[in-house]
Amino acid sequence: MSPALDRLTRLLQHVFIDAGSTFSLISLASALIISAAWLGVRRKRRTPLQLKVLARALFPSRIWKHASTRADIGLFVLSITGMSLLIGWGLVSARGIEHMVESGLNGTFGPSAVGAPAWLACGVLTVTGFLGYDFSYWLDHYLKHRVSWLWPFHRVHHTAEVLTPLTSYRTHPVDNLIFANISAVIIGVAEGVVHYGLGAHVSELAIAGTNIVLVAFLYTTIHLQHSHIRIAFTGWLGHVVFSPAHHHIHHSADPRHYDCNLGSCLAVWDWMFGTLQMPDPKARLTFGTVAEEDPHSATGTLLYPFLLAFRAVWPRRLHLPVFEENGEGDRTTEPLRKQW
Ligand SMILES: [Zn+2]
Ligand SMILES: [Zn+2]
């Protein structure tokens, strides 16, 4: 096998076969089974469910033939081919920071007096790693919605007009790069403190390198966040765990829904910081943002964000209008969205 073919085979295996991959076929199959079961339970007529009807409900042509989906596919290919570079950098940073924090604490306070058993240390590290990831997702997402020059790169994700599991890859490379490093810092610090505090050198529980708690969410809710299957968690459960409908509100084009539900797996961060909006299973939502460019073209998804970011920082250099400011002198994201 030629080296190029070998690399391609390994890449495809990593993306579609590895059980810890964010786009593994097994996790997609799991999402499909949950969707089919949900549609089966929710249907009004009690006649036997025909396979053809179910297939049409699961894969509506208006979604799969949409220009938005074609853009998602292009960015998916770009993302998986550049992924090893971005993730590699992030993970190396996380391990490096973890080591730095642990050595720093050892040097300052001496070796930890706690000698936790390996099973306990492993459990605590696994939960910490997951919480570190999930909080870093919320924080990164919050910054991208609030900082004017970061929003244009994240906005690419919000120009999706229909949602499919591929939409989670509809992200600008700059957006990915920032997330890889923010998450690396937070996970690295959290795991460094835990390693030092428990005085045990264990690894977190993982499947093919992905935290096992995160894998559980990947197999149940995460793919459906970008889909037309509106499963909604309400009540106390909706304050703790993110349902697919929570993320649908995040994509809503209705200004009342802007900048809410920024989490990934847990709703607690949004609840704590006041950005949670509980889903209404009956609400009819439309997705996308106001756009003066073609939001599904290569230029619109990859180059245009640089212009918008430049315009957000130096509007006068391009003789463009300055964005409105709110009473406290901060730029609000709402005028930015309306304008773009
Ligand atoms: Zn967002
Ligand atoms: Zn999304």
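Predicted model: local features only at pLDDT ≥ 70, side-chain atom pairs only at ≥ 80, totals over all residues.

Residues are numbered from 1 along each chain as its sequence is written, chains are lettered from A and ligands numbered from 1 in the order in which they are written, and side-chain values use heavy atoms, with hydrogens and water left out.

Reader: Which residues are the protein donors of the zinc ion (ligand 1)?
Author: Donors are N, O and S atoms within 2.8 Å of the metal (3.2 Å for Na, K and Ca), and because water is not among the atoms, sites may look incomplete. Lying 2.1 to 2.2 Å from the zinc ion, the protein donors are the NE2 atoms of His141, His145, His154, His158 and His250.

Reader: Is His251 buried or exposed?
Author: Buried means under 20% relative accessible area, exposed over 50%, and partly exposed in between (1.4 Å probe, protein chains only). The relative accessibility of His251 is 1%, so His251 counts as buried.

Reader: With which side chains does the side chain of His251 make a polar contact?
Author: A polar contact is a pair of N or O atoms within 3.5 Å; within protein, one must be able to donate a hydrogen and the other to accept it, and residues adjacent in sequence count only if both atoms are side-chain atoms. The side chain of His251 has such a contact of 3.1 Å with that of His157, and another, also given as 3.1 Å, with that of His247.
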